[in-house]
Amino acid sequence: MKKICKILSVIFTAILMIWIGVQLSIGIAKSQISTNEAMRIDSQEDLKKSMDSCSGDAWIYGDLEAADTVSLPEITGKYMYIVKVKEKYTRLSEKRHFWDEISKKDLKCREVIFCGLKFSSDKIHLPDAHYICTIEESESIRYKYYGAKTKYTGTLAATLRDGTISDSSNFFVDSTITQAIILARLKDYVLFWIMWIFVIIITEIFFVIPAYSIKFERRT
């Protein structure tokens, strides 16, 4: 009976891992097909025509810039968006002290221009902000500023329909269409292996280890 339970546990574990692995592989395969079949666009005219005709998935290369830049009076320069982080200094002991974030304020442009066409800034996942400076208000309070430049060049991965692009479309900074496709594929493969390792760990915790524990307890 003990051997039967152990064998069934191993079989069930193997079937579960194979099934999940197949589902993940199917998902990646579909993503790869979508990537390969997507249109490749590098001009304003082609982008406008493709949006109006609901052409579907596309890779678009071009310039992304803020239509209405943002700024703050305490720092110099104009940006696509700014993040202002307020931090408080906390001292627990002689060796334990740190700056703790207590609030965050975001200021983002309302519209952006990509490939010569204007869109709401919510339509595109904007590039990551970089560190600008730190302003100390007092010994215990300081403000750190981060911002995105007003203009970038790169590739946008979007779905074209209803005369516009999909919401939160990914923008690959300083990447050609070919480079952006490689990065997207790499992301899929990394996600696959992370999920696969997670499945193995969960399977070990909930199926394999308990089976051996039961066997050990019965022996003792």
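The model is predicted, and local features need pLDDT of at least 70, side-chain atom pairs count only at pLDDT 80 or more, and totals for chains, interfaces and linings use all residues. Residues are numbered from 1 along each chain as its sequence is written, and side-chain values use heavy atoms, with hydrogens and water left out.

The protein chain contains three helices and twelve strands. Helices (H or I, at least four residues) and strands (E, at least two) are DSSP runs, numbered from the N terminus. Of the 220 residues of the protein chain, 33% are buried. Buried means under 20% relative accessible area, exposed means over 50%, and partly exposed lies in between (1.4 Å probe, protein chains only). Contact means heavy atoms within 4.5 Å. Among contacts in the protein chain with a separation of 6 or more, 61% link residues 24 or more positions apart.

Strand pairing comes next. Two strands pair if DSSP finds at least two bridges between them. Strands of a sheet pair through backbone hydrogen bonds, either parallel or antiparallel. Strand E2 (residues 56–66) is antiparallel to strand E10 (residues 151–161), and ten bridges join the two. Within this pairing, Asp63 faces Thr153 in E10 as its opposite residue. E10 also pairs with E12, again in the antiparallel sense, over four bridges. Here Ala157 stands opposite Asn170 in E12. A further partner of E10 is E11, which runs antiparallel to E10 and is joined by two bridges. Arg161 stands opposite Thr164 in E11. E10 and E11 form a hairpin with two residues between them. In its turn, Asp162 has a positive phi of about 55°.

An open sheet is built from four strands in the order E4-E3-E9-E8, with antiparallel pairing. Strand E4 (97–108) and strand E8 (130–136) are the edge strands, each pairing on one side only. From one strand to the next, the twist averages 20°. For such angles, axes are lines fitted to C-alpha atoms, for helices over the stretch in contact, and angles run from 0 to 180 degrees between N-to-C directions. Strand E3 (residues 81–91) and E4 are antiparallel and share eleven bridges. Thr90 stands opposite Phe98 in E4, and Val85 has Lys104 as its bridge partner. Five residues connect E3 to E4 in a hairpin.

The nonpolar interior follows. A nonpolar core is a set of buried Ala, Val, Leu, Ile, Met, Phe, Trp, Tyr and Cys residues joined through side-chain atoms within 4.5 Å. The largest core has 26 residues, and Leu47, Ile60, Phe114, Ile124 and Leu160 touch the most other members. At least two residues of this core come from each of H2, E2, E3, strand E5 (111–114), strand E6 (117–120) and E10. Another core, of eight residues, lies apart from it, with Leu72, Tyr79, Ile82 and Ile141 among its members. Beyond its neighbours within four places in sequence, Phe114 contacts residues including Leu47, Ile60, Phe119, Ile124, Leu156 and Phe171.

Cys115 sits in the loop between E5 and E6. Its relative accessible area is 10%, so Cys115 is buried. Leaving aside neighbours within four places in sequence, Cys115 is in contact with Ser43, Gln44, Leu47, Ile60, Tyr61 and Asp63. Asp46 is 69 residues from Cys115 along the chain, and their C-alpha atoms are separated by 10.0 Å.

Ser50 belongs to helix H2 (residues 44–52). Ser50 is buried because its relative accessible area is 5%. Its side chain reaches the backbone oxygen of Asp46 at 2.8 Å. Not counting residues up to four places away in sequence, Ser50 touches Met39, Ile41, Ser55 and Leu160.

Ser168 lies in the loop between strand E11 (164–165) and strand E12 (169–173). Its relative accessibility is 49%, so Ser168 counts as partly exposed. Ser168 and Lys123 are 45 residues apart in sequence, yet 4.8 Å apart in space, C-alpha to C-alpha. Apart from neighbours within four places in sequence, Ser168 contacts Asp122, Lys123, Ile124 and His125.

Methods
A polar contact is a pair of N or O atoms within 3.5 Å; within protein, one must be able to donate a hydrogen and the other to accept it, and residues adjacent in sequence count only if both atoms are side-chain atoms.
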